[in-house]
Amino acid sequence: MTDPTAHPDAKTEMDELLAAYLDNELDDTERSLVETRLAEDETFRSRLDDLDRAWDMLDALPKADLDDEKFVRTTVEMITVAASQEIQQYEQQRKRTAIIRQAGIALGIVALIGMGYMLTQWRLNRPDRILVDNLTVIENVDELERVDNIEFLEALRKEGLFTGETSDES
């Protein structure tokens, strides 16, 4: 039995060394060192027995009968299905991103149009608005300059002779 208090790295190194010994992967020098330690160290020898039994039990397991062509075909089919699902997810994500981008652009355009309208309204409410409101007077300024009497103009306005004016502007 292995020493449970042994350092995990030391145990791993020991297992790797013993596995290499069991698989005949050691050179002559390493093999000689392992065999010397096996003769002197009971814990080391016990661990080799444990690993050897585990290898024997693995060999006793039934072998899987794999049909190579079927295995390759099913593996390729699984990869194809996974790839097509990944492509579908990518396409859906791309469509969502395009819709969000188009909605953002549309909202931006609407915001710009609204800001343009508000800016135009603000500009028209400034001194230009006074000119627009008095457009009738401006259009008839030549005729109005010929009149010397303001009371005469007031009388004409009351009669409704000025077009574009309402009667409640008195």
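Asp-56 belongs to helix H3, residues 42–60, helices being DSSP runs (H or I) of at least four residues, numbered from the N terminus.

The model is predicted: local features need pLDDT of at least 70, side-chain atom pairs count only at pLDDT 80 or more, and totals for chains, interfaces and linings use all residues. Residues are numbered from 1 along each chain as its sequence is written, and side-chain values use heavy atoms, without hydrogens and water.

## Salt bridges

The whole structure holds 6 salt bridges, each a side-chain nitrogen of Lys or Arg within 4 Å of a carboxyl oxygen of Asp or Glu. One of them pairs Arg-47 with Asp-15 at 2.6 Å, N to O. This pair connects distant parts of the chain, helix H3 and helix H1 (residues 8–22), 32 residues apart. Arg-47 is buried at 16%, and Asp-15 is buried at 17%.

Within helix H3, Asp-50 and Arg-53 are 3 residues apart, about one turn; their closest N and O atoms are 2.5 Å apart. Asp-50 is buried at 18%, whereas Arg-53 is partly exposed at 49%.

Key. Helices (H or I, at least four residues) and strands (E, at least two) are DSSP runs, numbered from the N terminus. Buried means under 20% relative accessible area, exposed over 50%, partly exposed in between (1.4 Å probe, protein chains only).
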